[in-house]
There are 2 protein chains.
Amino acid sequence: MKKLIKSKTDYVQDMLAGLNVSQSDIEIIEDTVVVRKHKKSSGVALVSGGGSGHEPAHAGYVAEGMLDAAVCGEIFTSPTPDKILSAIKAVATDAGVLLIVKNYAGDVMNFEMAQEMAEMEGISVKMVIVKDDIAVDNEEQRRGVAGTVFVHKYAGYLADQGVSLEDIVAQVEHLLTQMKSIGMALQPPYVPTTEQFGFDLHDDQMEIGIGIHGERGIKRTEAKPIDEIVKQLVERLREEVTVTEWIVMVNGMGGTPLSELHIVAKYLNAYLDEQSIAVKNCYVGDYMTSLNMEGFSLTVIPYDAKVDEALKAPTMSAYFN
Amino acid sequence: MKKLIKSKTDYVQDMLAGLNVSQSDIEIIEDTVVVRKHKKSSGVALVSGGGSGHEPAHAGYVAEGMLDAAVCGEIFTSPTPDKILSAIKAVATDAGVLLIVKNYAGDVMNFEMAQEMAEMEGISVKMVIVKDDIAVDNEEQRRGVAGTVFVHKYAGYLADQGVSLEDIVAQVEHLLTQMKSIGMALQPPYVPTTEQFGFDLHDDQMEIGIGIHGERGIKRTEAKPIDEIVKQLVERLREEVTVTEWIVMVNGMGGTPLSELHIVAKYLNAYLDEQSIAVKNCYVGDYMTSLNMEGFSLTVIPYDAKVDEALKAPTMSAYFN
């Protein structure tokens, strides 16, 4: 499949070098670690990361008001502990460092190893693990998906307010118990490094409950009109979100045009309205993608004035609006 | 082809209703005319529009610092004069109205008709026509493409500064003589209303000089690595842009992941650097798309401190960063 690349081995480094052309307030260290050019002198520093292929997550959120560093692995591959340690050391302040990690075995293991190494060097480090994907029934095995971007924004706001590391962890952990996501796909992602599609899907089928690494969903059905898809996803979300005021993200998976994401938002809002659920704040766009996968995910947070204020606070990131 | 839609006839109205879910500072009048909820009481009002399928253009730029209204036709179809007139009347101030129109016969004709009708009602209206696509040799036949978004931003800034309608026209016309764009595609757009692809393209081919309505390009060649594609496009741009400091937009056509657009930016910057051309300001993202077409366009403005300040000025649009 044709791609706008020079070589598959240089994909991640080229992408980050290119990000640095438009975002001049970052710098790239050790090839694949993105840090703010003007580092914080006080306040908790935030480090996230994981495999690449989810752009703008995570490198696009390294900016005032959000992350201090993002550690980028190869496509769909965890970054190594030494790179994570480099990120931690590059941005650490006396207030400590918060690691925001999606719940994948490799990411959790490598971020934990880096945490231990940093602590041995006297840096105070805490970790939160995002498990928002309710496609997976077992809560401990739930994957971290688009809700991770809400965590970047919320924690970034708290850090800028001077909240302590312990208190940020407590407040983020509270959010994490309430934040739920689920996604679907019409087409799998094409992975340029392996030159393969994530899965096969017929022209008249869709996948419900996909992950962001080319994993198949939990259920394959015939493709349906968007109002029926939205209803199906919302009904699953409502099993876990029982309040009637929602903050929502309609997240594109990378290959879906914005026009269709807005159509999703229309039918989402219409169905929620029928159910007497109010959309208090809604984000629509590509936040946590899976290369060129066609589809979307919905992320829900119960409305909370403080979280809402945090999400609406300014950030210099070009990719959170 | 599967799409995230309810019906092809409701595509545009559904999309705009969905835009209004996340962008609550707009309202939709007459089904497909997007206007700011809080209208200007003074200063020139800006109206743009055209066929749909180019999201976030143009409805996504109706916001403080950019447009006052966008008139949305059906997919790849000009809006009608009566809707354009409604937009003009909805946002007109004593300072007058500027119409920002891409150079397509239907758009120009319908906006001109609406202008005449508005003038008969005593509204002062001027029009600028964007013809930035240098894929077409004949300057009068050049299409308006992604550079139109720079015009929205520049004119929006001037209007907010209280510049008169005549002076905005003069300054925008000056920009228009200097702004040049060219695009390419790896895959054509799929048009949901006609249920057809814009053109056919083999797996090992690419199109240079595509338009944004599913038109074929001016040249079809074998697909090449991105550095060679960038070099080819830049060499064409340099025939018309001779200065050595550039403001650049790398615009995604809708179906290309952000990671690849950043890879484009890397090789663009590297090649310009070899040619001793400095990228002073660079925008990367989906600004003026063609549904799910895979590919990108480059738009260049010679660096100018005032234009640069205008582009960097704040806007409430979620889609210009």
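Is Arg220(A) buried, partly exposed or exposed, and what is its relative accessible area? The legends below begin with that residue. This is a predicted model, in which local features need pLDDT of at least 70, side-chain atom pairs count only at pLDDT 80 or more, and totals for chains, interfaces and linings use all residues. Residues are numbered from 1 along each chain as its sequence is written, chains are lettered from A and ligands numbered from 1 in the order in which they are written, and side-chain values use heavy atoms, leaving out hydrogens and water.

**View 1. A salt bridge joins Glu207(A) and Arg220(A).** Arg220(A) is partly exposed, with a relative accessible area of 27%, while Glu207(A) is buried at 0%. (Buried means under 20% relative accessible area, exposed over 50%, and partly exposed in between, with a 1.4 Å probe and protein chains only.) Their N and O atoms are 2.4 Å apart; a salt bridge is a side-chain nitrogen of Lys or Arg within 4 Å of a carboxyl oxygen of Asp or Glu. Glu207(A) sits in strand 10 (residues 205–208) and Arg220(A) in strand 11 (residues 219–222) of chain A, 13 residues apart. Helices (H or I, at least four residues) and strands (E, at least two) are DSSP runs, numbered from the N terminus. Over all chains, the count comes to 42 salt bridges.

**View 2. Glu260(A) and Lys3(B) form a salt bridge.** The closest N and O atoms are 2.8 Å apart. Glu260(A) belongs to helix 7 (residues 258–274) of chain A and Lys3(B) to the segment before helix 1 (11–22) of chain B, so this pair joins two chains. Both Glu260(A) and Lys3(B) are buried.

**View 3. Glu239(B) pairs with Arg236(B) in a salt bridge.** Here the N to O distance is 3.0 Å. Look at the two partners in turn: Glu239(B) is exposed, with a relative accessible area of 58%, whereas Arg236(B) counts as buried at 17%. In chain A, a network of salt bridges links Asp137(A), Arg142(A), Lys180(A), Arg236(A), Glu239(A) and Glu240(A).

**View 4. Cys282(A) takes part in no disulfide.** A disulfide is a pair of cysteine sulfur atoms within 2.5 Å, and the count over all chains is zero. For Cys282(A), the nearest cysteine sulfur is that of Cys72(B), 18 Å away. Cys282(A) is buried at 6% relative accessibility, and Cys282(B) is buried at 5%.

**View 5. Gly60(B) lies in the loop between strand 3 (45–52) and strand 4 (69–75) of chain B.** Gly60(B) counts as buried, at 9% relative accessibility. Its C-alpha atom is separated by 6.6 Å from that of Ser317(B), a residue 257 positions away along the chain. Pro56(B) is also found in the loop between strand 3 and strand 4 of chain B, and the peptide bond from Glu55(B) to Pro56(B) is cis, with omega near 10 degrees.

**View 6. Phe76(A) has a positive phi, near 55 degrees, in a residue other than glycine.** Phe76(A) lies in the loop between strand 4 and helix 2 (81–91) of chain A and is buried at 19% relative accessibility.
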